[in-house]
Number of protein chains: 4
Amino acid sequence: MTWGDKIKLSVFGESHGTAIGAVIDGLPAGEEIDFEEVKRQMARRAPGNDASSTKRKENDEPVVLSGVLSGMTTGAPLCAVIKNSDTHSSDYKNISRIPRPGHADYTAYVKYGGFNDVRGGGHFSGRLTAPLVFAGAVCRQILRRRGVTVGAHVYSIYGVKDKPFDMADISPSLLDSLSGRYFPVIDGAAEKAMREKIAEAQSSLDSVGGIVECAAAGLPAGLCGPLAEGAESEISSLVFGIPACKGIEFGAGFASAQMLGSENNDPFYYGGGEVKTRTNNCGGVLGGITDGMPVVFRAAFKPTPSIGMEQESVDLESRAGARLTVRGRHDPCIVPRAVPAVEAAAAVWALSAVL
Amino acid sequence: MTWGDKIKLSVFGESHGTAIGAVIDGLPAGEEIDFEEVKRQMARRAPGNDASSTKRKENDEPVVLSGVLSGMTTGAPLCAVIKNSDTHSSDYKNISRIPRPGHADYTAYVKYGGFNDVRGGGHFSGRLTAPLVFAGAVCRQILRRRGVTVGAHVYSIYGVKDKPFDMADISPSLLDSLSGRYFPVIDGAAEKAMREKIAEAQSSLDSVGGIVECAAAGLPAGLCGPLAEGAESEISSLVFGIPACKGIEFGAGFASAQMLGSENNDPFYYGGGEVKTRTNNCGGVLGGITDGMPVVFRAAFKPTPSIGMEQESVDLESRAGARLTVRGRHDPCIVPRAVPAVEAAAAVWALSAVL
Amino acid sequence: MTWGDKIKLSVFGESHGTAIGAVIDGLPAGEEIDFEEVKRQMARRAPGNDASSTKRKENDEPVVLSGVLSGMTTGAPLCAVIKNSDTHSSDYKNISRIPRPGHADYTAYVKYGGFNDVRGGGHFSGRLTAPLVFAGAVCRQILRRRGVTVGAHVYSIYGVKDKPFDMADISPSLLDSLSGRYFPVIDGAAEKAMREKIAEAQSSLDSVGGIVECAAAGLPAGLCGPLAEGAESEISSLVFGIPACKGIEFGAGFASAQMLGSENNDPFYYGGGEVKTRTNNCGGVLGGITDGMPVVFRAAFKPTPSIGMEQESVDLESRAGARLTVRGRHDPCIVPRAVPAVEAAAAVWALSAVL
Amino acid sequence: MTWGDKIKLSVFGESHGTAIGAVIDGLPAGEEIDFEEVKRQMARRAPGNDASSTKRKENDEPVVLSGVLSGMTTGAPLCAVIKNSDTHSSDYKNISRIPRPGHADYTAYVKYGGFNDVRGGGHFSGRLTAPLVFAGAVCRQILRRRGVTVGAHVYSIYGVKDKPFDMADISPSLLDSLSGRYFPVIDGAAEKAMREKIAEAQSSLDSVGGIVECAAAGLPAGLCGPLAEGAESEISSLVFGIPACKGIEFGAGFASAQMLGSENNDPFYYGGGEVKTRTNNCGGVLGGITDGMPVVFRAAFKPTPSIGMEQESVDLESRAGARLTVRGRHDPCIVPRAVPAVEAAAAVWALSAVL
């Protein structure tokens with residue numbers, strides 16, 4: 001995975017290999033990075049920290065190899081490495097023959113001729129979002145000094161909805177408060193109902209999906225460009241790199257397909273001397289270019305494909321049907337842990353756009 | 001707009017300038033191109049051909065300047081140019097001061113310091129999809145020889161739905177039949193109800209949005225790659241380049257966020273000696289890589305922002321509030337004309353992936 | 001050919017096709033372009049204007065299709081098209097079977113399976129430098145307003161040398177004066193001797209090569225970056241795109257391989273409050289980054305491969321040896337006409353670096 | 001440094017930081033890698049192994065973090081890390097104020113505002129070629145199975161020349177034999193004379209430069225493309241990423257500027273059923289595309305800028321002239337250690353072209 005233009009992000013590693021990591025190129029020099037804050041962000045994503053997540057326990061301690069001197073960026077590419085430790089590779093024995101439905105086992109088998117590392121999902125594991133979260137945690141500190149704040153919340157899980165963002169009025173302090181939590185919601189009551197859905201799925205050896213809503217506030221108007229250089233193109237190409245993401249929408253998104261133009265258009269007005277819009281159905285992007293309002297998008301995540309129930313599959317060696325029961329430790333719902341990954345993608349994009 | 005890797009597409013032009021066009025680099029040499037078929041595809045997108053579209057009438061006759069000799073591709077970049085003819089630039093006089101809500105007028109003003117060509121939306125006009133449709137029409141002929149068919153239909157308009165694709169079983173002949181029509185639907189009855197919604201909106205000086213569903217059948221398993229090299233990343237970065245697109249989803253998409261893993265996972269089986277899936281909730285893509293089933297996605301289009309009703313805006317010169325009544329000839333619904341653009345984006349991507 | 005990062009240049013066309021042209025993306029908006037000056041630059045490269053060049057006569061009149069309104073750049077991609085007119089395609093009949101030594105006939109035949117347009121060299125013709133010169137002529141006007149001047153001279157032809165640049169002291173007025181001429185040299189006497197070598201070669205149905213020396217003065221220190229992002233990497237990747245270029249060197253270049261470190265190192269000093277170097281053996285680039293001194297490089301051009309003499313080749317159909325006598329109108333020396341192409345490459349790079 | 005298209009190479013690290021390394025993306029899966037052979041290649045470049053090199057001693061032991069399982073490539077990005085150990089950072093104290101002539105100290109200071117890691121040259125150190133040599137060593141093993149061999153020799157040092165390649169007839173066994181040595185020459189006598197020049201320079205606290213000649217044999221005809229996609233553009237953009245490289249030429253290169261067309265053109269003939277050329281003045285590249293003959297190029301390296309002699313410089317804090325005596329351990333001639341780096345660049349390019 002190599003992404004980007006001004007900020008170039010390379011992510012490497014396999015779930016049960018020696019280590020995973022990232023190279024971030026294009027960071028401005030002379031930026032102080034608080035690595036305790038970086039670790040706090042990584043802990044939000046790390047497995048084993050919450051009842052609703054997998055029992056695999058990883059410290060996810062990033063080791064910075066380059067690009068930082070005395071706590072300041074040097075301008076050279078920043079490489080950080082995270083060791084893999086708590087791996088139970090024997091859990092994955094028969095995956096190479098019998099691909100798990102909903103996983104990349106089969107498609108990777110075809111692409112790599114069976115030579116890919118299947119243990120723990122290999123390079124396709126959700127674990128690969130750890131380097132992304134690291135990169136995002138670095139970028140958001142630099143964004144902060146430029147007046148930009150990024151935050152996201154669990155918008156819905158298996159149909160249970162949180163209160164949505166008021167898209168035309170998102171405060172940095174709300175985003176900050178969401179960014180500090182493992183299971184961030186705007187309406188505290190929603191969390192309880194969501195956790196119940198997750199627990200139900202888990203107890204029936206099943207899993208559930210959900211939606212993450214993310215915003216970046218404080219971006220100036222005029223960033224990005226028309227057609228394929230648009231903000232939506234850039235953000236979506238990064239967010240779809242997060243495993244299990246199957247949809248993205250900006251502002252009113254799919255709902256705008258059911259609206260009249262007179263409802264969907266965001267009226268302009270002057271507020272505090274700045275051009276603003278009364279609503280933000282465009283999600284802060286018009287013609288691919290930021291309009292100065294918060295950039296808001298929603299990303300849909302499918303239910304974790306690894307479920308304990310027996311499933312129908314095929315045996316790629318005998319070329320016949322087969323039954324599969326996935327073992328190993330899996331999240332009954334990936335959505336809470338996807339929140340910091342989505343924020344990170346937004347932060348990497350936003351810094352690339354602002355520089 | 002420059003997009004792509006193996007197929008590189010550059011689109012240029014402004015709505016009321018001399019001409020618009022495309023440069024397509026990376027086409028294989030020795031491919032016969034039927035330019036009558038290309039013109040048929042372009043006529044589907046061209047304005048003035050249907051009661052539901054703008055009254056601006058353009059022949060959209062592409063002139064090929066390079067890359068084709070005796071009807072065969074030469075392997076050199078193919079450049080095609082389409083002249084602008086029926087332009088009423090006086091309709092756009094006050095746009096430079098008073099930006100249209102929902103349009104790129106304001107964001108382009110900020111980005112280009114007021115030097116952009118505002119006539120007809122300039123470089124941000126939906127007219128810029130004509131070169132994309134040209135490129136797609138060329139690519140799909142080459143894809144056809146490699147067993148790949150692309151087609152799309154109007155999935156919904158202002159909430160009125162067509163019959164959706166049966167995602168696990170999409171025949172090339174269905175896709176072909178859809179690709180030959182201006183207002184392609186699977187269920188003929190839907191068209192009538194949709195046209196009524198469009199006519200209603202038009203008569204109240206308003207507009208409506210909708211959703212396009214697109215499929216590419218016949219792609220082999222194993223194309224594209226993990227993380228940001230994934231098929232979803234590549235397709236979305238191109239589809240969001242189509243003006244007014246605000247959301248995209250693959251397979252079950254946002255609906256998968258409300259499904260259990262046991263419902264959403266697509267069971268594998270052997271059918272005709274090939275690995276297939278019984279359902280296709282993943283939209284033909286697992287871990288970013290094609291799985292050999294049809295690649296299916298839906299793109300949401302907002303209602304045309306140009307409406308006849310008076311709207312609230314600002315005067316960028318006097319820095320005060322202003323009222324705006326958009327004149328000119330506009331589509332009450334862009335969705336039917338967006339269908340060939342979405343197909344074209346899918347075709348450009350698919351050829352890039354297959355080569 | 002697509003090149004670049006901030007300025008993206010796409011060149012299209014074939015020598016005897018309908019037209020050739022360029023799409024230049026990333027130009028800043030609001031820049032006034034003097035198209036009479038652009039035409040003067042293109043006339044320097046156009047064939048038929050000098051005794052030493054081919055007799056093919058082309059007006060090379062660029063038609064701008066987009067990206068310019070009322071003489072000012074709009075910020076949208078600028079597309080310019082140049083029609084081909086004076087084509088004698090019958091001259092090229094047997095090229096498809098018997099490739100010309102030193103030309104791309106054979107390699108293009110292999111790459112494109114014989115479907116490439118061989119007339120006039122097709123996409124490999126030196127004629128494809130016309131769009132590059134157009135792009136350079138636009139870029140240098142924008143550079144001028146940022147204090148950067150680009151110019152080049154015929155450094156040598158078949159061993160006859162002009163006076164070289166004093167690399168540590170190159171005035172904008174010298175560069176301007178060179179940029180206004182067809183056969184630019186610093187030492188007027190050199191031109192006469194060079195023209196004699198060209199005439200001798202022509203009269204013996206042969207051709208000669210030479211070297212172009214180019215400089216960009218006024219660039220600030222700190223542009224570009226380390227390793228493959230270096231100025232030398234970027235410039236060379238563009239300059240080798242000019243047909244017949246077989247070598248490039250920066251500053252002392254190959255001569256530095258015969259120097260001691262104490263001779264080659266450029267001592268720093270303060271001059272007029274700025275850090276300067278007393279010599280400029282590094283050609284204005286240290287560690288890939290500009291140092292504020294003129295960027296200076298030399299590009300070697302091989303003798304025109306099209307010569308009137310009979311040559312040894314092969315017949316690709318009968319797969320046997322063959323003799324070939326190239327007919328048609330060819331330059332006995334391409335070097336004077338390569339000067340504006342080299343300047344253009346430098347200008348496109350410099351604007352991309354400065355923005 | 002991120003380079004490439006099919007093979008994407010990211011290099012990270014600073015000379016006296018924690019570690020340096022590379023991420024190589026795009027390697028085919030299922031390729032066995034002999035890491036003992038990789039280490040042998042890295043030992044050729046490693047410092048401290050020869051009288052003519054710096055006394056800094058580094059084992060340069062690469063640790064593979066990802067992309068390899070049981071000695072075979074998995075298709076996922078391969079990351080390798082090399083620890084820095086023998087660092088004497090106190091040697092570099094005054095560099096931050098007084099830039100070394102011929103080094104990137106000043107230009108990096110301007111670009112990074114003084115925040116770059118200056119110790120040992122930081123990200124601009126020749127040490128950054130170690131990850132490149134690692135990447136090349138991996139790529140050449142994969143190339144070998146595809147019939148391609150890469151090798152280089154010390155072509156000249158301070159004017160003392162080795163026997164050049166016979167460009168039209170380069171055997172894989174010659175290239176292999178060169179690739180196994182620290183100071184590879186074709187004519188053994190040349191090495192002695194070269195070493196004397198190096199020893200002389202060293203004893204007078206000075207340094208010398210030289211030229212590396214490199215060849216890739218066994219590449220098929222038809223690789224790469226016209227204009228900026230040409231083989232020369234791609235190779236040069238990578239080779240100029242090697243610190244101290246100031247020039248590159250292909251085939252006859254700069255000498256062709258002094259040749260007649262009739263001398264420089266390479267006649268075609270059929271040899272063993274294949275199209276070949278009797279000479280190889282084009283260096284295996286016509287119109288940017290390989291012609292099936294060996295690709296041959298020469299890269300010029302300036303003398304090591306770090307010399308023991310006192311030099312003129314400036315004090316960036318007091319903004320006044322200053323004298324500088326560089327301490328630390330430096331190579332009196334970098335050329336022998338540049339040979340494996342040039343080979344590596346050629347190998348990375350060749351694999352990218354062949355895939």
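## Relation of the copies

Chain B can be laid on chain A with an RMSD of 0.0 Å by a turn of 180° and a shift of 0.0 Å along the axis, where copies are superposed by least squares on the C-alpha atoms of residues with pLDDT of at least 70 in both. That is the relation of a two-fold axis. The model is a predicted one, in which local features need pLDDT of at least 70 and side-chain atom pairs count only at pLDDT 80 or more, while totals for chains, interfaces and linings use all residues. Residues are numbered from 1 along each chain as its sequence is written, and chains are lettered from A and ligands numbered from 1 in the order in which they are written.

Because 100% of the interface residues of chain B are also interface residues in chain A, these copies meet through the same surface. Two residues are in contact if their C-beta atoms, placed from the backbone, lie within 7 Å. No contact joins chain A and chain C, whose closest C-alpha atoms lie 8 Å apart, and no contact joins chain B and chain D, whose closest C-alpha atoms also lie 8 Å apart.

## The side of chain C that touches chain B

The same surface serves both copies, since 100% of the contact residues of chain C recur in chain B.

In this interface, 35 residues of chain C are in contact with 35 residues of chain B. Among the elements of chain C that each supply at least two residues are strand S3 (19-25) and helix H2 (105-112); helices (H or I, at least four residues) and strands (E, at least two) are DSSP runs, numbered from the N terminus. S3(C) gives the most to this side of chain C, with five residues.

An open sheet of 10 strands runs in the order S9(A)-S8(A)-S10(A)-S16(A)-S11(A)-S11(B)-S16(B)-S10(B)-S8(B)-S9(B), with antiparallel pairing; two strands pair if DSSP finds at least two bridges between them. Strand S9 (160-161) of chain A and strand S9 (160-161) of chain B stand at the edges, each with a single partner strand, so one side of each is left without a neighbour in the sheet.

The bridge partner of B:Ile157 in S9(B) is B:Val160.
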